[in-house]
Each structure stands twice: as C-alpha cells, then as structure tokens.
Amino acid sequence: MSELADRLADVDARIAEAVRASGRAPDEVTRIVVTKFHPVTVVTELHRLGVRDVGENRQQELSAKRDTVAATLPGLRWHFIGQAQTNKARAVRAAADAVHSVDRVRLADALHAADPGGATLDVLLQVNLTDDTGRGGVAPLELERLAVHVAQHCPSLRMRGVMAVAPLDGDAAAAFARLADASATVRRVAPDATWISAGMTGDFVEAIAAGATHLRIGSAITGPRPDRG
Ligand SMILES: *Cc1c(COP(=O)(O)O)cnc(C)c1O
C-alpha cells in the first residue's frame with residue numbers, strides 16, 4: 001500500500017473506534033480529507049482509495065483543482081472550508097458543493113445573489129469559539145441573527161448546520177461543547193440543520209465525542225503540507 005493509503009486506513013480506524021466509544025452510528029460521521037496545498041494528483045489518488053469528500057480553503061485552488069478533475073473523478077464532493085471574500089462568492093459557489101464558512105450576512109447574501117435561482121447550495125455557519133475577533137466565524141451571540149437572516153433572505157442556500165475550529169491553545173472538548181450549544185441555536189431556526197463540522201488532525205476524537213458529523217482531516221492523511229508556493 002502507498003503511504004497515503006496507510007495513513008487513510010489508520011485514520012479511518014481511529015475514527016471508527018472513536019465513533020464506537022461514543023455510542024454513535026458510523027453513518028453519522030463523514031470524513032472530509034483536506035487537500036489544501038497538495039497537488040491535484042493527491043485528490044486523484046484519494047478518489048481511487050474511495051474518498052468522495054475533499055476540502056479546500058482557498059477559492060482559486062478549489063476552482064483549479066475541481067476544473068482539472070471534474071470530468072475524470074465522478075461523485076467527488078468539494079467542501080469549501082476557508083474564509084471567503086464577498087467578491088469571490090460567485091467563484092466559490094460555482095466550485096463548492098458545500099460552504100462551511102458562512103460567518104456574516106454580507107457573505108450569505110453574496111453567495112445567494114451568485115445564483116439565486118439555481119440548485120441550492122449547502123452552507124454551514126462558522127462559529128468563532130475564541131476571543132480573537134480576527135479569527136473566522138460569527139460570534140456565538142450573533143449566530144441566531146445570522147441563521148434567521150439566511151433562513152429568511154437566502155432561499156438558494158440550504159442551511160445544514162455549524163462549523164468551527166477549536167482554539168489553538170485551548171481545551172478542544174470544552175470548545176466543542178460550546179459548538180454543540182451553537183448547533184442547538186441554529187436548529188431552533190432550521191430544525192434540519194443538523195451538521196456539525198468539527199475535528200481536525202489534532203482533535204477529531206474529541207469532536208466525535210461532542211457530536212461532530214463532518215470531520216475535516218488534513219495532515220494526518222495527506223502527510224505534512226508542502227509550503228504554499
Ligand atoms: C487545514 C484545515 C483543516 C485540516 O487541518 P489538519 O490539522 O491538517 O487536519 C481543517 N479545517 C480547516 C478550516 C482548515 O483550514
């Protein structure tokens with residue numbers, strides 16, 4: 001087996017164990033492989049290994065990779081997990097099957113306006129679990145207002161749930177407990193918005209225990225990221 005196949009199998013075994021330990025069902029958890037900064041050949045190889053959900057955090061890289069393999073890799077779902085600029089909303093919408101990082105009204109409006117009558121776009125509301133307002137994500141106290149806005153004014157967006165990155169220096173389990181509260185807030189507005197996108201290489205076990213439905217795992221599977229060129 002290739003190193004990539006080895007690492008994927010190892011991570012999947014650890015996910016399965018954490019799902020079992022949490023008393024959850026395996027089909028409640030989707031593993032997204034974050035391929036940012038890696039060449040598109042990694043995406044092709046992952047697809048050969050059965051991966052169908054991949055994540056990217058930059059619009060240009062997402063668009064370029066998707067265009068490269070669109071014709072050859074059927075069934076691949078592209079998750080946009082990075083901070084999006086409003087003026088890139090059209091390109092993000094064209095390339096992503098799900099956008100995990102909707103964190104303000106203007107971005108939601110721009111994504112909606114990019115294709116108001118088209119197929120619905122899955123979106124998650126990104127919540128900032130840190131005290132640093134410079135990090136991506138809506139403040140927990142602003143979350144309900146954002147959810148109501150998307151529900152009322154962005155009919156081409158399908159609100160699927162919440163997303164967060166745990167603070168670098170903090171307690172991941174405590175952060176993910178706050179994310180579960182945020183999920184409940186959004187579900188009061190949109191009862192079927194049940195996705196919880198949380199858990200990276202360093203904290204996916206804690207995320208699974210806290211109810212994550214979508215894990216975003218990069219380096220544990222892909223190996224260390226090359227420097228961005
Ligand atoms: C890069 C990235 C990940 C994956 O990080 P790893 O630590 O490599 O697993 C997950 N989520 C977001 C938002 C990212 O930018």
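S156 is buried, with a relative accessible area of 2% (buried means under 20% relative accessible area, with a 1.4 Å probe and protein chains only). The model is predicted, so to speak plainly about its limits: local features need pLDDT of at least 70, side-chain atom pairs count only at pLDDT 80 or more, and totals for chains, interfaces and linings use all residues. The loop between α6 (143–153) and β6 (157–163) holds S156; helices here are DSSP runs of H or I with at least four residues, and strands are runs of E with at least two, numbered from the N terminus. The side chain of S156 makes a polar contact of 2.7 Å with that of H112 (a pair of N or O atoms within 3.5 Å, one able to donate a hydrogen and the other to accept it; residues adjacent in sequence count only if both atoms are side-chain atoms). Leaving aside residues up to four places away in sequence, S156 touches R93, H112, D115, P116, A119, T120 and L121, where contact means heavy atoms within 4.5 Å.

H112 also belongs to the α5 side of a helix pair. The axes of α5 (residues 105–114) and α6 come within 10 Å and cross at roughly 20°; axes are lines fitted to C-alpha atoms over the stretch in contact, with angles from 0 to 180 degrees between N-to-C directions. The two helices are therefore roughly parallel to each other (angles under 35 degrees).

Here is who meets whom:

| Helix | Residues in the contact |
|---|---|
| α5 | V105, A108, D109 and H112 |
| α6 | R145, L146, H149, V150 and H153 |

Conventions:
Residues are numbered from 1 along each chain as its sequence is written. Side-chain values use heavy atoms; hydrogens and water are left out. Buried means under 20% relative accessible area, exposed over 50%, partly exposed in between (1.4 Å probe, protein chains only). Angles under 35 degrees count as roughly parallel, over 145 as roughly antiparallel, 65 to 115 as roughly perpendicular and the rest as oblique.
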